[in-house]
Each structure stands twice: as C-alpha cells, then as structure tokens.
Amino acid sequence: MKRIKYSVFILIIIFITVGCNFKNKVNNKSNYSNEVTKTVKAIINETEYIINLEENETAKDFVNYLPQELIMNELNGNEKYIYLDTSFHTNSSNPKRINAGDVMLYGDNCLVIFYKSFDTSYSYTKIGHIDNLPNLGNESIKVRFKNN
C-alpha cells in the first residue's frame, strides 16, 4: 500500500513539474516575440508602409495573425475596413479624434485604417499608426500585412 501511495505521489510531482515548465516555455515565447515586435509592414497599392504598433494585447494579437493579404473596403471617404475571421482582445475607448494613419480595431474583429483625420464619437482599440499615409481613394484596396 505504501508503494502505491509513493508511486502516486511521484507521478503527481512529475505532472506538476512538467506542466509548470511547459507553461513557462509558452509564456516566455509569447512574451519574447511580442516584446521584440514594435513594427509591421503594410503594403498598400505596391507601396510599403510601416505600422508603429501600440503596446497592448490587440497589437500582439494582430502580429500573431500575420501574414495576411486582405481586401479592405471604403467607408465614409476617410477609412478602409474589413471584418476579420477571428476575434482579438479589445480595450476600446473613444479617442475623440482619429488621425490619418491610425490603425484600429472596431469591435473585436473589424480592422480599420484611417486615411483622413476627423472627430469621432465611436470607440476603438488602437493597434498602431502609419506615418505620412496618403489619401487612399474611394475604392477598395488590397493590403498585404507582414512581419518585418
């Protein structure tokens, strides 16, 4: 009987040790890759832009979603958007003002690139920003997103 109890005790210790080591490896890998990634590329109409990422869970989710090639639709003469097939972490708030070049998430799965600045009453979670983004026109666009 003592032998069985001892064997069960040893098995429990092994499972706990292996489980803790696996969890630490997963967490370390996730934290390492997300801390290193500060920018990603967006290729719009064959021109490459850099998205400077926010330090939040939504930006980390976005990086993990890449690479992607997406057709983004026009809306309101100031933004391109697409509903994605996955949901991201959110921490939405009303920024009061959208700036040209802002890359945001509306809800938990609608990716938006704003190419004009304006005031807003809507809530978004910011993913990042593209400096010097030009007017993207009134048509849908193809955007290739990829890690640097």
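T58 lies in helix α2, residues 57-65; helices here are DSSP runs of H or I with at least four residues, strands are runs of E with at least two, and both are numbered from the N terminus. The model is a predicted one, in which local features need pLDDT of at least 70 and side-chain atom pairs count only at pLDDT 80 or more, while totals for chains, interfaces and linings use all residues. Residues are numbered from 1 along each chain as its sequence is written, and side-chain values use heavy atoms, with hydrogens and water left out.

T58 counts as buried because its relative accessibility is 2%. Buried means under 20% relative accessible area, exposed means over 50%, and partly exposed is in between, with a 1.4 Å probe and protein chains only. Leaving aside residues up to four places away in sequence, T58 touches F88, H89, T90, L105, T125 and I127; a contact is heavy atoms within 4.5 Å.

One of these partners, I127, is placed in strand β9. I127 is buried, with a relative accessible area of 0%. Its C-alpha is 4.8 Å from that of A59, although I127 and A59 are 68 residues apart in sequence. The contacts of I127, again not counting residues up to four places away, include T58, A59, F62, V103 and L111.

| Residue | Relative accessibility | Class |
|---|---|---|
| T58 | 2% | buried |
| I127 | 0% | buried |
| F114 | 0% | buried |
| Y124 | 7% | buried |
| Y83 | 52% | exposed |

Rings of Phe, Tyr and Trp (its six-membered ring) pair if their centres lie within 6.5 Å; planes under 30 degrees apart count as stacked, over 60 as edge-to-face and the rest as tilted. The count by this rule is seven aromatic pairs. F114 and Y124 form an edge-to-face pair, with 5.4 Å centre to centre and 90° between the planes. F114 is in strand β7 (residues 110-114) and Y124 in the loop between β8 (118-119) and β9 (125-130), so the pair ties together parts ten residues apart in sequence. One aromatic cluster is formed by Y106, F114, F118, Y122 and Y124.

Y83 is in strand β4, residues 79-83.
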